[in-house]
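Subject: Structure for you to look at

Hello,

Here is the structure I said I would pass on. Please open it next to this message and follow along; my notes come below it.

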Amino acid sequence: MVDNHPGDGSRYFGPKAAELVDLYASYLQNAGSVDSQWQAFFGNLQDDARELLNDMGGFAASQSSAAVFSINDLAGDEVRASALRSIRALMLIRAYRVRGHLEAQLDPLGLKPIEPHPELDPRSYGFSDADMDTPIFINGAVGLEVASINQIMDVLRETYCKRVGVEFMHIQVPEQKAWIQERVENFRNATTFSDEGKKTILDRLTAAEVFENFLNTKYTGTKRFGLDGGESMIPALEQILKQGSKLGLEEVVLGMPHRGRLNVLANFMGKPFRAIFNEFRGGASNPEDVGGSGDVKYHLGTSSDREFDDRNVHLSLTANPSHLEAVNPVVVGKVRAKQHKKGDEDFTKTMALLMHGDAAFSGQGLVPETLDLSELKGYRIGGTIHFVVNNQIGFTTDPVNSRSGPYCTDVARIIQAPIFHVNGDDPEAVVHVARMATEFRQTFHKDVVIDMFCYRRFGHNEGDEPTFTQPLMYKQIAKQRTVRELYGERLIAEGLLNADEVEAMRKAMWDHLEEEFDASERFRPNKADWLEGAWSHLGAVRGYDARRGNTGVEPDVLGEVGQALTRVPEGFNIHRKIARQLKAKEEIISSGKGIDWATAEALAFGTLLVEGHPVRLSGQDCNRGTFSQRHAAWIDQESQAQHKPLNHIRESQAEAEIIDSPLSELAVLGFEYGYSLAEPDALVLWEAQFGDFVNGAQIIIDQFIASGESKWLRMSGVVMLLPHGYEGQGPEHSSGRVERFLQLCAEDNIQVVNCTTPANYFHVLRRQIHRGFRKPLVVMTPKSLLRHKRCVSNMEDMLPGTSFHRVMPCRVKKQEPSAVKQIVLCTGKVYYDLVEEREKRDLREVQFMRLEQLYPFPAEALKTELKGYEHCDIVWCQEEPRNMGAWSFASTFIEEVAEELGFQNPRPRYAGRKTAASPATGSGKRHVIEQAGLIDDALTLGKKAMSRIQTRKAEEIEAREASAAKVESLRPVQKAGK
Ligand SMILES: Cc1ncc(C[n+]2csc(CCOP(=O)(O)OP(=O)(O)O)c2C)c(N)n1
């Protein structure tokens, strides 16, 4: 044991650190206040040493009042030499706190020799071999008052360089940094486990290893993405729950990739082994009659309850696609919804636990995007525990080709999360860091990362041959004893168990799995779990009827909401332009006439709120609205305080959360989708700044929103608002890519609408909540129509009895069918361009019909509207290029409907932009010409010369000529004379 006391003065002459810091502070204030030799001493200090004294200043300030004498009076070289030694020793200690992890023994395979870091060498601080045993005053650092460098180094190496490496000095919050430092240094970075605790660790390792071995024996070579090599994760997860439940945790939402997932499902979540074996036999995970496509077994989710010392913890593992890390924001969003529902305001009861692979954690951009949400007001969940199964390889790729930084976890430093690196072959160390991480999360409500270095015993999957690419690594792995074997031997050596007992544990697990295996043949999943709990009042829906829902609202409720939307609180300094707008809005609401888009949206939100349904909308700048249309938060022009009128309708109402999001699409949409999975009674929306940016969120759309219900039986009512419309703003501000969504439409998976009236928008939003099921909704929203004089509705279109219309005939100048020669079908904003041009030309033979909903395609409603016009030509008019927009999708449906009705010419003619690589032109002039051309084309009767075949031929010729011209322009110019 190191002597913690200063001892007698004959051995030690130096000043206390606090006094030294005081003296340094005096020197900084006024160099002349200290004697000349101390002046020289401080003057000669290097920057590092000065920094150290500065850093210590805060700590010393609280202690210095206790200083009993002034070292200024203690002149003499001996004192100064001691002071210098103290400073140098403290610098060394600090270096270990910052960089000790670089020399920690983290890799179980020991593939690369640990390179000594010069800053961790006492010689770098001027200590020679002769100095190593000299006592130095270090003021309680690393638990010591006075110690020699040898003694200090022993403590430092044990604390910072054994099998745990801690990165925490990047944290800026002093309490958090101090907490970790204390936790780590007070116990030399280890937990002393009871005999029972050690046996439990071995038991969990046994369960993990035997399960993988069993699968390997019964289904040799079948993909299972085994945990083999990373088994310590299982006791670590156990510790997180156990310790977490002591600290108030009631519910954990998990997200994880393929690696070890079956093991987690079975040995942590308690999914019956027989159910998993049945899936290996080819059985389905849900009863056959539920339908859906299902998913491979290592993507499936499940939920269960676990008990720890009479405390129940609910666990749910979120289903996920192959796309690594894509589930992260979904899990985080789910947790936020659960916390909101429970009123878990200090974030203690519900937590996210995300597991990661090393290559994916450093490689996928969604990781930093999701981390960035962690401290934001609209997205905070009080910290996620991240557990990286760092098997030091990604499929066949080595870390040197995977990342530029030293650790796969470096990305977590952006949010100043503490990072615990740990050797996976030391299960006690892994459980120890799991415990610290849990305590840190429950204390500071902040993200924390565990990076478990381990290995992958087999190939990427079990059918894969890893020695093609990593022969040396796999030579070492072949020699590597398993984690269970190593730990079993350790406990035998400690005398806690004998070899027979260790083997008996293994055999008991194997025998249990044999029993489960036998039972798996008869196992049938008896129910799907998708309509339980918060979802129990909802049901599955198949079929394509109108499904209007009860979306009309009583006039007094509309009036009440309307008033709140225009009521300015006493003393609130509202912007004068908004004040003007509110006056106009007041007029609109009281008259019930001329309701614009933004007001209709606010009325939809407000009426849902008073009915008790929370509304959550997030997206870039969505409080003001990209087009200055929403003004969901008013800003006091003097104090910059906010007023959110939607939250001031009446006393007992649900809350509207309208959130300006970070500049991310993928993470934010993933978050809102996750939120919608856990809160079916809230209207959850995400808005793109312009619809064009939606492709940044494509993974969430393809892998979750469009296919989640089919794959995993999980409904979502998430709404995506995508500003869309051709208004000359160029290639990236025109298109919400409706064609992409339409291509995804099948099996009643999503809804795609492009409304042309505020009232229809009002109803489609309210419909999301007022039906007995949930479906994602994609809305192409307007830009110029936000202020278009014709794009208004009356309150009477929102009253009880009114509803969403999937097809709308033109109400302007409606003609008798017999007087009409041509029906122009369209969707969205182009309708208004058509109406205006028709008026200009005073055309009577052309009738318009709007498809307000594109999917589910309203075939019956269209049929009703088209009846009587069988003699007419049909034109599909769109603003988008021919290879985009709804043409390809809608034209086949329209033709089928027209054929059924007996149209003479059922195939619609195309009037729109020609095929294009880029969604829109960058030239304003060209835009105007194109737009006028397509409107003219749509309104021109019997324009057979522009039949679709001819159009296509013309386009083909043009494309050929364009590429020939390009090739020509790229040809090197022949220089004369060569
Ligand atoms: C987004 C994405 N890109 C590529 C893949 C294909 N893939 C599956 S696993 C894998 C390697 C993952 O390595 P790591 O994250 O270290 O996890 P490990 O498999 O080693 O546990 C890759 C590239 C994928 N699933 N997801």
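The buried residues of helix H10 are Phe273, Ala275, Ile276, Phe277, Asn278, Glu279 and Phe280. That makes seven of the eight residues in H10, which spans 273-280, so the helix counts as mostly covered. Keep in mind that this is a predicted model.

What lies over those residues? The cover of H10 includes helix H7 (195-218), helix H9 (261-267) and helix H17 (499-520).

The crossing of H7 past H10 is right-handed.

On the H7 side, the contact is made by Phe211, Phe214 and Leu215; on the H10 side, by Phe273, Ile276, Phe277 and Phe280. Of the residues in this contact, seven are nonpolar, none is polar and none is charged. As background, an α-helix has 3.6 residues a turn, so residues three or four places apart point the same way.

After H10 comes Gly282, which has a positive phi, near 100 degrees.

One residue elsewhere is also worth a look. Arg737 sits in the loop between strand S16 (719-723) and helix H24 (738-744). Is Arg737 buried or exposed? Its relative accessible area is 15%, and buried means under 20%, so Arg737 is buried. Beyond its neighbours within four places in sequence, Arg737 is in contact with His724, Met884 and Pro919.

Regards

Definitions and conventions: Residues are numbered from 1 along each chain as its sequence is written. This is a predicted model: local features need pLDDT of at least 70, side-chain atom pairs count only at pLDDT 80 or more; totals for chains, interfaces and linings use all residues. Side-chain values use heavy atoms; hydrogens and water are left out. Helices (H or I, at least four residues) and strands (E, at least two) are DSSP runs, numbered from the N terminus. Buried means under 20% relative accessible area, exposed over 50%, partly exposed in between (1.4 Å probe, protein chains only). Contact means heavy atoms within 4.5 Å. A crossing is left-handed if the near helix is turned anticlockwise from the far one by less than a right angle, and right-handed if clockwise. Ala, Val, Leu, Ile, Met, Phe, Trp, Tyr, Cys and Pro count as nonpolar, Asp, Glu, Lys and Arg as charged, and the others, Gly among them, as polar.
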